Amino acid sequence: MQKLVITGGKPLIGKVKISGAKNAALAILCAALLAEEEVTIDNIPDINDVRVMLELINFVGADAKWLDKDTVRIKPPVAKGPTPPYRLSKKLRASNLMLGPILARFGEAEIPLPGGCNIGIRPMDLHFKGFVEMGAVVSMEKGCVRATCKKLVGTRIYLDFPSVGATENLMIAACLATGKTLLENVAKEPEIVDLANFLNCMGAKVRGAGTDVIHIEGVSRLGGCQRYSVIPDRIEAGTFMVAAAATRGDVELENVILRHLEPLRAKLQEAGAEVIEYEDNIRVIASGELKSIDIKTLPYPGFPTDMQSQMMAMLATIPGTSLITENIFENRYQVVDELKRMGAKIKVEGRIAIIQGTECLHGTQVKATDLRAGAALVVAALMAKGTTEISNTEYIYRGYHELEKKLVSLGAQIITK
Ligand code: EPZ
């Protein structure tokens, strides 16, 4: 397995272009299964999760291929394909988003229960509850979830929690249901809005994405979509913003949507970094001492849970006490043990992590335990004195396109071995 070897202590300086959003692209690739004509999608990040998702949709009968480095053309399936294999679906959580489109289009779907980062139990009860309310019979057998319904019927569905995945799965399925569906207490993440825009590009009738209530009017079929461009990745952008501040550097990010970065901008400014906003770019400058801050992760537009670990790394050497409260996942502090190996002083009490700023971190051997924990270790290694060797980097390559190359272009000292 490849390792990243990073020699820290150098400020990141320069410009970096942000790639397409992993979590928007994965949902959109699944939604393409609804179409009955060809779709072309660009600004798709060439990352491992996307490659696995393309394998998955091809396995169920689509014909998806790269047209260039970030454009994918998909000829959707004409009939229900075989059940995708567990060896693929276990590699990512988003494989569960195949359920909605296949059920809605073909009347039955069978998907192995998904995998993904082990940051919590990550049930699918809200997905299943919604499908049942639309008339489906949902059962579990041999590690697979099976849903059948000749024709889904639109209805009013309240989500007990604004789950991103459940919102996406049900919004996709409702596009081909009979009549109207009202989804309430939904997730409002930018990726939900991007997915709704893509569905409408194919002829769906989705309104209200990005608010607490989404209205979907079912249609009989969806056509293709000549050209759809995925939004930039706000979590990749956030990761670079935090790395810039953590290394006391000066980095300008190109191709971002400022509104999606509001929580990061606000918290980095509160910590004493300078953040300059341009039309499609954002610049983070930090020097000298930053201030300790408190973070609470919440559904969008709150502070994103996917940025919690990276923020923790930055806070590890800020004098004073910082508090992080993780309100979304119940097991998203696995990076703490690895940061402590680098000298961080962090104590976890239930959902709260108490970070006591220390003089500096020291390079050593550490291992990534999930995607964003891996990103946090990269941030920590960039800040640390000496050299850090990060193993299990396959987690990192799931969600970041050319991370090492982008960091080296900003002056980081990184090699892969
Ligand atoms: C999506 O996961 C993202 N993944 C995650 O990003 C992100 O952290 C998460 O949303 C929250 O923003 C993708 O989009 C592929 P949820 P998802 O359903 O859909 C509970 C990354 O690093 N829940 O909003 O799985 C669940 O247990 C990844 O890019 C239920 O209880 O997240 C969790 O505590 C990590 N029942 C909370 O809701 C359900 O049926 C949020 O989960 C579904 C979820």
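**Asp306, a sheet and a helix**

Guide: Asp306 lies in the loop between β17 (294-296) and α10 (308-315). The model is a predicted one.

Visitor: Is Asp306 buried or exposed?
Guide: The relative accessible area of Asp306 is 16%. A residue counts as buried under 20%. Asp306 is therefore buried.

Visitor: Which residue has a side chain joined to that of Asp306 by a polar contact?
Guide: Not counting residues up to four places away in sequence, Asp306 touches Asn23, Ile235, Arg332 and Arg372. The polar contact between side chains, of 2.7 Å, joins Asp306 to Arg332.

Visitor: Which strands stand at the edges of the open sheet of four strands?
Guide: The order in this sheet is β2-β14-β16-β15, with mixed pairing. Each edge strand has a single partner strand, so one side of it is left without a neighbour in the sheet. The edge strands are β2 (13-17) and β15 (274-277).

Visitor: What is the bridge partner of Val251 in β16?
Guide: Strands β14 (residues 250-254) and β16 (residues 281-285) run antiparallel and are joined by five bridges. In β16, the partner of Val251 is Val284.

Visitor: Which residue caps the N-terminal end of α6?
Guide: Helix α6 (residues 164-174) is mostly covered, with ten of its eleven residues buried; Gly165 is one of the buried residues. A side-chain oxygen of the capping residue lies 3.5 Å from the backbone nitrogen of Gly165. That residue is Ser163.

Note on methods
Residues are numbered from 1 along each chain as its sequence is written. This is a predicted model: local features need pLDDT of at least 70, side-chain atom pairs count only at pLDDT 80 or more; totals for chains, interfaces and linings use all residues. Side-chain values use heavy atoms; hydrogens and water are left out. Two strands pair if DSSP finds at least two bridges between them. Helices (H or I, at least four residues) and strands (E, at least two) are DSSP runs, numbered from the N terminus. Buried means under 20% relative accessible area, exposed over 50%, partly exposed in between (1.4 Å probe, protein chains only). A polar contact is a pair of N or O atoms within 3.5 Å; within protein, one must be able to donate a hydrogen and the other to accept it, and residues adjacent in sequence count only if both atoms are side-chain atoms. Contact means heavy atoms within 4.5 Å.
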